[in-house]
Amino acid sequence: MLAITILSLLPGSLRPHTNLPGKMEHALAYALTGALLFFGYVTPRERLILWCGLAAGSAIFELLQNFAPGRSPALTDSLASIAGLTFDFAVGALAGRAFQSSSS
């Protein structure tokens with residue numbers, strides 16, 4: 001989360017670029033963050049709180065970009081972040097179920 005915070009609020013001229021489309025960068029950043037945190041929070045309630053916090057964080061970071069030189073907030077960027085996060089959580093849930101089924 002610290003990396004997402006820093007990269008979200010850096011001035012545009014200092015932000016590293018991956019040469020991927022911006023929406024893809026958002027989706028991948030949140031998917032990777034979700035993947036790192038998903039298995040650390042094992043109850044459905046913990047995962048829901050985590051998802052809500054990360055989703056809200058993506059919207060807050062977009063709003064704060066109003067104050068970062070060379071950055072412009074966009075609702076679609078926040079939605080791309082949330083889509084990456086949601087995709088990762090869905091894959092994690094399916095993988096968890098598959099693992100439970102195979103170990104039973």
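Gly34 sits in helix 2, and you are looking at a predicted model.

**Around Gly34**

Keep Gly34 selected and show what surrounds it. Which residues is Gly34 in contact with, leaving aside its neighbours within four places in sequence? They are Leu85, Asp88 and Phe89.

**Along helix 2**

Next, select residues 22-38, which form helix 2. As you look down the helix, keep one rule in mind: an α-helix has 3.6 residues a turn, so residues three or four places apart point the same way.

**Over to Gly92**

Jump to Gly92, which lies in helix 4. Is Gly92 buried or exposed? Gly92 is buried, because its relative accessible area is 7% and the cut-off for buried is under 20%. Not counting residues up to four places away in sequence, Gly92 touches Phe38 and Phe39. For another distance, pick Leu79: it is 13 residues from Gly92 along the chain, and their C-alpha atoms are separated by 20 Å.

**Zooming out**

Now show the whole chain. You can trace four helices and zero strands, in the order α-α-α-α from the N terminus. The C-alpha atoms fill a box of roughly 55 × 25 × 20 Å along the principal axes. Of the contacts with a separation of 6 or more, 69% are between residues 24 or more positions apart.

The chain exposes about 6700 Å², with carbon and sulfur atoms supplying 73% of it, while buried residues make up 30% of the 104 residues. Colouring by charge brings up 6 positive and 5 negative side chains, and the centres of the two sets lie 4 Å apart.

**Last stop: confidence**

Finally, colour by pLDDT. The mean for the chain is 90, and 98% of its residues reach 70 or more. Helix 3 (residues 44-64) has the highest confidence, at a mean of 94, and helix 4 (residues 75-103) the lowest, at 88.

How values were computed
Residues are numbered from 1 along each chain as its sequence is written. This is a predicted model: local features need pLDDT of at least 70, side-chain atom pairs count only at pLDDT 80 or more; totals for chains, interfaces and linings use all residues. Side-chain values use heavy atoms; hydrogens and water are left out. Helices (H or I, at least four residues) and strands (E, at least two) are DSSP runs, numbered from the N terminus. The expected span of a helix is 1.5 Å times one less than its number of residues. Buried means under 20% relative accessible area, exposed over 50%, partly exposed in between (1.4 Å probe, protein chains only). Contact means heavy atoms within 4.5 Å. Accessible areas come from the Shrake-Rupley method with a 1.4 Å probe; for residues, only the protein chains shown count as cover. Lys and Arg count as positive and Asp and Glu as negative; His and the chain ends are not counted. The place of a charge is taken as NZ of Lys, CZ of Arg, CG of Asp or CD of Glu. pLDDT is the predictor's confidence in each residue, from 0 to 100.
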